[in-house]
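Student: Hi! Could you walk me through this model?
Tutor: Happy to, let's look together.

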Amino acid sequence: MRPNIPVHVVAQPEFLGPHEDKFAFSYTIYITNQSDCSITLRNRHWIITHADGTTEEVIGEGVIGETPELAPGASYSYTSGALIPTPVGSMRGSYGFVTEDGQSFRAEIPEFALHAPDTLHYTHNQIFPTILMATYRAAMTPCNNYWIRFHLIRPRTDCGVVATW
C-alpha cells in the first residue's frame with residue numbers, strides 16, 4: 001500500500017483592475033509536496049463562476065506551460081490570471097498528479113473568492129461562501145488513500161496585513 005501523499009496548496013487572489021468591460025484578477029498558487037516520494041503535476045481543471053451564475057471551464061496540460069516535478073519537501077509556485085465579466089466570482093478546481101511509480105491522483109482545490117475592491121457587500125443569489133480551509137481524503141484506487149491539504153489565505157488588506165481565515 002502506498003503512503004498518504006499530502007499536497008499543500010495556497011491560493012492568493014488579487015484584483016488587477018478593469019479591462020475592456022471585464023475585471024482582471026491574478027492569483028498565485030503555492031504547492032508543496034509534503035510526502036516522501038516525488039510527484040509530477042500533469043494537468044489542471046478550473047471552474048470559474050461569475051456573480052451572474054455563469055461558469056467557464058479551463059482544462060489543460062500542466063500549469064503555465066510547465067509540468068513541474070516536486071521532490072519530497074519541494075515547493076512550486078506560479079502566477080496566472082482570470083478575466084471575468086463581473087466584479088465578483090470564484091475559482092475552484094483540481095490538479096492531476098502522478099507519483100514516481102506511475103500512480104495517478106487528483107487533488108481538489110477548494111473554492112476561493114475573486115472580488116474587486118468595494119464589492120464586499122455585492123448581493124446576488126449566485127454568490128456562495130468560500131471554503132476557507134479543508135482537508136480532503138480521496139481514495140484513488142481501491143487500496144490507496146491520498147490526503148491532500150489546502151490552506152487558502154486572504155490577500156493583503158489595506159493595512160498590509162496578511163490574514164488567514
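**A chat about the model**

Tutor: Pro 18 counts as exposed because its relative accessibility is 70%; exposed means over 50% relative accessible area, buried under 20% and partly exposed in between, with a 1.4 Å probe and protein chains only. This is a predicted model, where local features need pLDDT of at least 70, side-chain atom pairs count only at pLDDT 80 or more, and totals for chains, interfaces and linings use all residues. Residues are numbered from 1 along each chain as its sequence is written, and side-chain values use heavy atoms, leaving out hydrogens and water.

Student: Thanks! Where does Thr 86 lie?
Tutor: Thr 86 is in the loop between strand S6 (75–84) and strand S7 (88–99); strands are DSSP runs of E, at least two residues, numbered from the N terminus.

Student: And is Thr 86 buried or exposed?
Tutor: Thr 86 counts as buried, because its relative accessibility is 8%.

Student: Which residues does Thr 86 touch?
Tutor: Leaving aside residues up to four places away in sequence, Thr 86 touches Phe 23, Phe 25, His 50, Ala 51 and Asp 52, where contact means heavy atoms within 4.5 Å. The Thr 86 side chain also reaches the backbone nitrogen of Ala 51 at 3.1 Å.

Student: New topic: how many aromatic pairs are there?
Tutor: The count is 9 aromatic pairs, with Phe, Tyr and Trp (its six-membered ring) pairing if ring centres lie within 6.5 Å; planes under 30 degrees apart are stacked, over 60 edge-to-face and the rest tilted. One of them is the stacked pair of Phe 97 and Phe 105, 5.3 Å centre to centre with 15° between the planes.

Student: Are those two, Phe 97 and Phe 105, buried or exposed?
Tutor: Both Phe 97 and Phe 105 are buried.

Terms used: Helices (H or I, at least four residues) and strands (E, at least two) are DSSP runs, numbered from the N terminus. A polar contact is a pair of N or O atoms within 3.5 Å; within protein, one must be able to donate a hydrogen and the other to accept it, and residues adjacent in sequence count only if both atoms are side-chain atoms.
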